[in-house]
Amino acid sequence: MFRGFFVKTISFVGYTVQYGCIAHCAFEYIGEFVSCSGPSMEPTITNHDVVFSERVSRHLCRIQKGHIVIAKSPFDPKMNICKRVMGLEGDKVCTSGPSDVFKTHTYVPRGHVWLEGDNLRNSTDSRSYGPIPYALIRGRVCLKMWPPHSFGVLAESPNDGRIL
């Protein structure tokens, strides 16, 4: 009696560990669902939208200008940010806000990207904290999943949906 219970318990634990490893690999190397909050990506992504962030592009170094990415916050590693890639290493980018009279520019250093929200007047992004290391990128947002009426593939053009 006790032996049968012990065998079933060990078998259950073994299957749980196997499925846990499969789930971990899927979320780490394939993609994950992310709930977005805040106004910085409006109107493209609004508060409480759920998006799918794929990880393959990041691992293959295929992140391009115009892609929307999920990245670790440079201020708080427990928090993720959702922004659009506006510059890659070597690119000249504008560091001024939309209402600044004098425009300033800088170059994105090697191994970094320049991120900005689509809602330029209400976004804390690389204009505030500078370029971020490529290693902080968690994945590329490719699908908007929720709400159902806005389900679909997201635009990759940096000019689509931007509020100046």
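# Strands, charge pairs and rings in a predicted model

The end C-alpha atoms of residues 102-146 are 40 Å apart, and that span is 9% helix and 44% strand.

User: Where does the span 102-146 come from, and what's the other part?

Analyst: From UniProt: an unreviewed entry places the feature "domain: Peptidase S26" at residues 14-96 and 102-146. UniProt positions are given in the numbering used here, feature names are shortened, and annotations may be inferred rather than shown by experiment. Residues 14-96 are 24% helix and 31% strand, with end C-alpha atoms 55 Å apart. Helices (H or I, at least four residues) and strands (E, at least two) are DSSP runs, numbered from the N terminus.

User: What should I know about the model itself?

Analyst: This is a predicted model, where local features need pLDDT of at least 70, side-chain atom pairs count only at pLDDT 80 or more, and totals for chains, interfaces and linings use all residues. Residues are numbered from 1 along each chain as its sequence is written, and side-chain values use heavy atoms, with hydrogens and water left out.

User: OK, strands. Which ones does S2 pair with?

Analyst: S2 pairs with strand S1 (residues 31-35) in the antiparallel sense over five bridges. S2 also pairs with strand S9 (residues 137-146), again antiparallel and over five bridges. Two strands count as paired if DSSP finds at least two bridges between them.

User: Why call S2 largely enclosed?

Analyst: Four of the five residues of S2 (residues 50-54) are buried, so the rest of the structure largely encloses this strand. Buried means under 20% relative accessible area, exposed over 50%, and partly exposed in between (1.4 Å probe, protein chains only).

User: Back to glutamate 54 and arginine 140. What do their side chains do?

Analyst: They meet in a salt bridge, 2.8 Å from N to O. The pair links distant parts of the chain, with glutamate 54 in strand S2 and arginine 140 in strand S9, 86 residues apart. The cut-off for a salt bridge is a side-chain nitrogen of Lys or Arg within 4 Å of a carboxyl oxygen of Asp or Glu.

User: Buried or exposed, those two?

Analyst: Glutamate 54 is buried at 9% relative accessibility, and arginine 140 is buried at 15%.

User: How many salt bridges does the structure hold?

Analyst: Six. Among them is arginine 84 with aspartate 118, at 2.8 Å from N to O. Arginine 84 lies in strand S4 (residues 80-87) and aspartate 118 in the loop between strand S7 (112-116) and helix H3 (126-129), so this pair ties together parts that are 34 residues apart in sequence. Arginine 84 and aspartate 118 are both buried. Another of the salt bridges joins aspartate 125 and arginine 127 at 2.9 Å, N to O, and both of these residues are buried too.

User: What about phenylalanine 75 and tyrosine 129?

Analyst: Phenylalanine 75 and tyrosine 129 form an edge-to-face pair, 5.5 Å centre to centre with 85° between the planes. This pair links distant parts of the chain: phenylalanine 75 is in the loop between strand S3 (68-72) and S4, tyrosine 129 is in helix H3, and they are 54 residues apart. Phenylalanine 75 is exposed at 62%, whereas tyrosine 129 is buried at 16%.

Technical notes: Phe/Tyr/Trp six-rings, centres within 6.5 Å; stacked < 30°, edge-to-face > 60°.
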